[in-house]
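Here are my notes on the model you sent over. Have the structure open while you go through them.

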Amino acid sequence: MSAETHPTERLADLLDERLTGDERRLVEAHVRECPTCQEALVALSAARKALGRLPHPPMPADLEARVLRQIDQADAEGRRDPAGTPVPVTTPEGPFVESPRG
Ligand SMILES: [Zn+2]
């Protein structure tokens, strides 16, 4: 076991329980003997708790733009009404008015 190589990127996987049995045992054995990785694991764990234990990495930067674009599309198609007033929708059966209560 090399003390010079820290399984830094595996620590997050260990926290997420994404490691297989052998990998997990190797990382856990290293962490037990490596104060540096113990500290890293504690810091990582604290950060996860602060983030509400999100299982996924931070959202992509363009996610907000994509969501906003989808909302714009929904508005354009009359499926969503921000003012909460009835919106006329044209269907194959003909136009009807959506109930504001859904
Ligand atoms: Zn280490």
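The points below go from the whole chain down to single residues.

1. First, the ground rules. This is a predicted model, so to speak of local features a pLDDT of at least 70 is needed, side-chain atom pairs count only at pLDDT 80 or more, and totals for chains, interfaces and linings use all residues. Residues are numbered from 1 along each chain as its sequence is written.

2. On confidence: pLDDT is the predictor's own confidence in each residue, on a scale from 0 to 100. The protein chain averages 80, and 67% of the residues score at least 70. Helix H2 has the highest confidence, at 94, while strand E2 (residues 94-97) has the lowest, at a mean of 62. Where pLDDT is low, the predicted coordinates should not be read in detail.

3. Helices (H or I, at least four residues) and strands (E, at least two) are DSSP runs, numbered from the N terminus.

4. How much of the chain is buried? Of its 102 residues, 5% count as buried. As for contacts between residues at least 6 apart in sequence, 34% join residues at least 24 apart; a contact here is two C-beta atoms, placed from the backbone, within 7 Å.

5. Now H3 (residues 35-50). Its 16 residues reach 22 Å from first C-alpha to last, close to the 22 Å expected at 1.5 Å a residue; the expected span is 1.5 Å times one less than the number of residues. The number buried among those 16 residues is 1, so H3 lies largely in the open. Just after H3, Gly52 takes a positive phi of about 75°.

6. H4 (residues 63-76) can be read alongside. With 14 residues, H4 reaches 20 Å between its end C-alpha atoms, close to the 20 Å expected. H4 is hardly covered, with a buried count of 0 among its 14 residues. Gly78 follows H4, and the phi of Gly78 is positive, near 75°.

7. The helix pair to look at is H1 and H3. They pack at an angle of about 50°, with axes 10 Å apart. That makes H1 oblique to H3. Axes are lines fitted to C-alpha atoms, for helices over the stretch in contact, and angles run from 0 to 180 degrees between N-to-C directions. Under 35 degrees is roughly parallel, over 145 roughly antiparallel, 65 to 115 roughly perpendicular, and the rest oblique. From H1, Thr8, Leu11, Ala12 and Leu15 meet Cys37, Ala40, Leu41, Leu44, Ser45 and Arg48 of H3. An α-helix has 3.6 residues a turn, so residues three or four places apart point the same way.

8. Arg10 sits in H1 (residues 8-16). Is Arg10 buried or partly exposed? Arg10 is partly exposed, because 19 other C-beta atoms lie within 10 Å. Beyond its neighbours within four places in sequence, Arg10 contacts Leu19, Glu23 and Val27. Its C-alpha is 9.9 Å from that of Leu41, 31 residues apart along the chain.

9. His6 comes in the segment before H1. His6 is partly exposed, with 16 other C-beta atoms within 10 Å. Not counting residues up to four places away in sequence, His6 touches Cys34, Thr36 and Cys37.

10. Last, have a look at Glu17, in the loop between H1 and H2 (21-33). Its phi is near 55°, a positive value in a residue other than glycine. Glu17 is exposed, with 8 other C-beta atoms within 10 Å.

Notes: A residue is buried if 20 or more other C-beta atoms lie within 10 Å of its own, exposed if 12 or fewer, and partly exposed in between; C-beta atoms are placed from the backbone.
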